[in-house]
Amino acid sequence: MTMSKPPSAAEDRTHDVILRDGTTLRVRPPLATDAECLRRFLDSLSPATLHLRFHAIPRIDDELVGRMLDPDWEVRGALVAVTSGVGGAEGIIGLASYDRLRDPRVAEVAFVVADDRRLAGIATRLLEQLAAEAAAAGVERFVAEVLPENGHMLRVFEDSGFGVSITHRDGDVQVEFPLGPTGRYTDAVDARHHTGAARSLRPALAPETVAVIGASARDGSIGGALFRNIVEGFTGRAYPVNRSGDAVAGHHAYRSVAAIPEPIELAIVAVPAGAVLTAATEALDAGVEALCVISAGFAETGPAGAEEEKRLVSLVRAHGARLVGPNCLGIFSAKREMNATFSRSGFPPGNVAFASQSGAVGLAVVDEAVARGLGFSAFVSIGNKADVSSNDLLEYWEEDPETNVIALYLESFGNPHRFARIARRVARRRPILALKAGSTPIGERAALSHTAALAGSDAAAEALFRQAGVLRAHTLEEFEDTLQLLAAQPLPHGRRVAILSNAGGLAVLCGDACAEAGFELSALSERTREHLAALAPDEATVLNPVDLLGSATAETLAHAVPAILADGDVDALIVLAAPTAVLSSEDAARTIASATDGGAHGKPVLMVTPGAEPVHGRVPCYRYPESAVRALRKAAERSEWLRRPRGRIAEVPADRPEARAVIDAALATPDQPWLSADDVRRLLRAYGIPFVSQRVIDRAEDAAAAAKALGYPLAVKGGAPGAHKSDAGAVVLGVADDEALASAMERVGLPAVLQPMVTGGAELLAGAVQDPVFGAVVALGPGGTSTELVGGANFATAPLTDVDAEELVTSGKTGVLVSGFRGRAAADVPALADLVRRVAALVTDFPEVAELDLNPVIALEGDCVAVDGRIRISRAPRRGRLKTW
């Protein structure tokens, strides 16, 4: 029986997960229409399995089945794991449920999986999803009673990553664990996902058998061109599929995938958009494990196309398969010598794996890279990335022995938090270079807070890349220049650069570029200078930059390059070889490549040939010195990131029930999204964020008593929720007595806020904003009334590690202020780092905190304290957790 499609009410709780064998699985709530299928699933279980689940052999009746259907999530929650068979018929192969106990914060959990699928990891994936749903419903702990002989269920709990405690009582095993996210749990989930995701892509990126659906012999056929590209070098077996069964490129064709005499791992679909679903269904029913849909006409065309794309993804995932595209150019795999694209040029094998969201940009990058002498281990045009995304490809390429560099062209993020976690791990093993196009404003409305005015999705993307160790290029030229260096040269160990030139003016320009990029020209050792002096005329300069004059020959370079590289005070070498009558670009390139001894010194060497076409080989060659320096800067940034401590996300102690009470009260009054002064302080204190003492005055006659309690001198401010007090002239500082207080009260009006003055220290802005793509973005920068004018804020995406927090405090203009600007005492860095960690924890735990400004935060020598705050509360949209891998 085919179960009906879940209605939209259940879609937010429908998730696709990847199992350890690489197959995909749909997890969703069981609906009333699933009654018969759920009964058949329970009936199929062995008596032993039923006993382990129910501690008895239950009667499978309407009452038992009905208890699991249409869960309300307040009292009971349930999820089923479903698979699809031929014709789209779904079947249940797993069930997980919880029942709340007398204490509503605690629920009893249980699960059961089909006997023949118990070792596939289904129970663990069900537990992950059920725990997330339960936590969203307010459950804080799961408990379970497990029979001692149910070792499988106990292992699922123990391996989940949760902090499980196990006790033995009355012949049963009692299991209990909190549902709050921890680093250990996140790492366990990521490890499981990595194993499954990497395996799931093997049929797409290293298939033994390929079918091209829509391949024909007629001129102009995209499918035909694809098939001919494949068979030129593919080491596996390829089959054309078309309606007529006509041969293509001398290969016998088949009318369907099912007619092919062996199982097909990858099917390339190149048919009109209206025929894609039919072709995909037929291929998947025949057992195809991966689809690459070349065809356009899906989400990129509008709402109707997006719905068609959604149906395609559901179909693919229901069959446990993967989808590349739609609207893409195809796949290249050096491992199988498979060019399954309709690119007119080839893909020389090499060490670069490249994923591109744009087909045109992808091919432009490939063509230029090939012209520069680079080769590829893989190229994937992900198109609309309806299923397979850059996240998946990072998982696959992380352990690919043929890949040394990963390059990404991105126009959007599907799941930026997962991208950050994966990239942070992968970047420890191989460089990731990204070209991110486009930026999304935080909203159509004008920014209301200082933080929102300073931040934006592009700033968030920049922060995410920096934290994760991803190198970001801002232009195609910079992308190609950096890729060329990363693919061929080692990283610099520091920022000490030597410049070797045969043209003094070029050396000066290169030195200026180095200084601007944060490099220093290293002082060469006396031994190095003596060696260089023996090679050149007396007029030559052997200080750094080294100018050997225009008389330098290839032989001169052959002796000079090794001498400079052997200098212990040099981390990188840039050779400027202007063509002369005695030195051609080609001779210079050959000589430098030979003199570097294949990178034996472990230092990068870059070559510049101004006035001539770059000569591409083992040593990256550039037309201009500025291009070489920009590429070297990216390599230096990677080297520095690798030396950066990994950091950890520590649990922030907080009174979360108190914070929830403040937020829920604000949500109950949506006409006033900005918190009152008292509620701002109450919410901040719930997370231990230091905030100055204050009294809110609603009646003028209460001001004097409040002033006496706080003590003069005072700051008197307007108390209207959300107001920019300085802009409104509603701030009076240094109020010293009752007479000045009365004057200040008259100026700012009611309600008013009285605070003791905090003097000294640097004024900073600390804040956060919820970005629609990246989630919580935290900022720290120069504060006060000119914060937007001064700029220089540092940004980081939450959650923050301790290292992220410290870098927010010590980098850029903020770091200058904190370190003691213009004679001020240095501020307390640990205290400031603790403040931003707590701000990050607050906005991560409660995405309803839409905007948060603490301006200013007074950074003192032994402490820090916020003296003004504005917080806007907004109902947060429910975010799908694993719909996009």
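Predicted model: local features only at pLDDT ≥ 70, side-chain atom pairs only at ≥ 80, totals over all residues.
Q: Let's start with a pair of helices. How are two packed helices described?
A: Two packed helices are described by the angle between their axes and the distance between the axes. Here, take helix 22 (residues 656-667) and helix 23 (residues 677-686): their axes come within 8 Å and cross at roughly 150 degrees.

Q: Are helix 22 and helix 23 roughly parallel or antiparallel to each other?
A: An angle over 145 degrees counts as roughly antiparallel, and helix 22 and helix 23 are therefore roughly antiparallel. The crossing of helix 22 past helix 23 is left-handed.

Q: Which residues make the contact between helix 22 and helix 23?
A: From helix 22 come E658, A659, A661, V662 and I663, and from helix 23 come D679, R682, L683 and A686.

Q: What else do the buried residues of helix 23 pack against?
A: Begin with who they are: V680, R681, L683, L684 and A686 are buried in helix 23. Besides helix 22, they pack against helix 29 (829-845), strand 34 (849-859) and strand 36 (869-873). Just after helix 23, look at G688, which takes a positive phi of about 70 degrees.

Q: Now for cores. What tends to happen to nonpolar side chains in soluble globular proteins?
A: They tend to be buried together. In this model the largest nonpolar core has 60 residues, and W397 and F419 touch the most other members. Helix 15 (residues 457-468) gives the most to this core, with six residues. There is also a second, separate core of 56 residues, which includes A81, V82, L95 and V112.

Q: Which residues does W397 touch?
A: Leaving out residues up to four places away in sequence, W397 touches L205, A353, F354, A355, A378, V380, T403, I406 and R430.

Q: T403 is on that list. Where is T403 placed?
A: T403 lies in the loop between helix 12 (390-397) and strand 18 (405-410). Buried means under 20% relative accessible area, so T403, at 0%, counts as buried. The side chains of T403 and D400 are joined by a polar contact of 2.7 Å. Beyond its neighbours within four places in sequence, T403 is in contact with N351, A353, S377, W397 and R430.

Q: Let's compare two aspartates. Is D571 buried or exposed?
A: D571 is buried, with a relative accessible area of 5%. Its place is in the loop between helix 19 (554-565) and strand 24 (572-576). The D571 side chain reaches the backbone nitrogen of R495 at 3.4 Å. Not counting residues up to four places away in sequence, D571 touches P492, H493, G494, R495, R496, K603 and P604.

Methods:
Residues numbered from 1 in each chain as written. Heavy atoms only, no water. Core = buried A, V, L, I, M, F, W, Y, C linked by side-chain atoms within 4.5 Å. Buried < 20%, exposed > 50% of the residue type's maximum accessible area, 1.4 Å probe, protein only. Helix = DSSP H or I, 4+ residues; strand = E, 2+ residues; numbered from the N terminus. Contact = heavy atoms within 4.5 Å. Axes fitted to C-alpha atoms, helices over the stretch in contact; angles between N-to-C directions. Parallel < 35°, antiparallel > 145°, perpendicular 65-115°, else oblique. Left-handed = near helix turned anticlockwise from the far one by under 90°. Polar contact = N/O pair within 3.5 Å; in protein donor to acceptor, adjacent residues only side chain to side chain.
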